[in-house]
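Have the sequence and the 3D view at hand as you go through the points.

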Amino acid sequence: NNNNNKHHWWYYHLVSVPWQAQIGPSCGLAALRMAREYFLNLTIQQQQPPPQQQDMPPQSPPLQQQKLLLLPSLLTEAKERGFTQDGEVFDAHHLLKLAQDDDVCGIPFADMRSVSSTTPREIHRVLQRGGIWIVPYDSHPRTRLPAKFSGRRAHYGIIVGIVFGSTSTTTTTPTTTNDDDPVVALLVPSLETNTIPPEETDNDDDDSRVYLLVQHSLCSTLSIAPWTDFW
């Protein structure tokens, strides 16, 4: 598009997270299970020595399966702690407590942010470092895309990718936190990534030109929609 002699471009970043279907009203626990397996895969990959020869057979995959079997059931843990009766977790803080328990998830670092204090730029930086975000939003029952139902169609998903459309290099300042805002769980692969460093290249932070790619347990197809549609 050459209108006004501007260059329009798109930039995206995508993280590969194993998909799992939810059983019953357990979208939050399903999102956490996917995150747990993702970080377990990362840990195993980091611990495996590089092959000395190109024709060396790869490490046997059962190691990851064995470690998964040693981890407790998230549904059982949530029930024992009084977080749920049927798998549905209403309080995102309960998901965070499960994520922060080394014996349950083993996720290196987990935190929580309000949506109003989280910018597309921060989402992008965390994804670049191998982190992911668990997010609450209303899901349309037919399209599975984000919708506005005042919490009556509440769902959890994982931000696995982001797309920026840009014509300039503008920047924005994070807004102040509002306790009434929905929260997102920040999950990153090492403690050092708690502090997100400045971006080397600027991206356009116009929210209307930022799309989130969200993986969720109702369908293996990603829900792709503008940032502003999710909240």
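Which residue in β8 is the bridge partner of Leu-213? The partner is Ile-224. This is a predicted model, in which local features need pLDDT of at least 70, side-chain atom pairs count only at pLDDT 80 or more, and totals for chains, interfaces and linings use all residues. Residues are numbered from 1 along each chain as its sequence is written, and side-chain values use heavy atoms, with hydrogens and water left out.

**The β7–β8 pair**
- Strand β7 covers residues 210-216 and strand β8 covers residues 219-226; strands (E, at least two residues) and helices (H or I, at least four) are DSSP runs numbered from the N terminus.
- The two strands pair (DSSP finds at least two bridges between them), and β7 and β8 do so in the antiparallel sense over five bridges.
- A hairpin of two residues links β7 to β8.
- Six of the seven residues of β7 are buried, so the strand is largely enclosed by the rest of the structure; buried means under 20% relative accessible area, exposed over 50%, and partly exposed in between (1.4 Å probe, protein chains only).

**Helix α5**
- In helix α5 (residues 120-128), eight of the nine residues are buried, so the rest of the structure largely encloses this helix.
- Among the buried residues of α5 are Arg-121, Glu-122, His-124 and Arg-125.
- Gly-130 follows α5 and has a positive phi, near 90 degrees.

**Cysteines**
- Counting pairs of cysteine sulfur atoms within 2.5 Å as disulfides, the total is zero.
- Cys-105 is buried at 5% relative accessibility, whereas Cys-219 is partly exposed at 28% relative accessible area.
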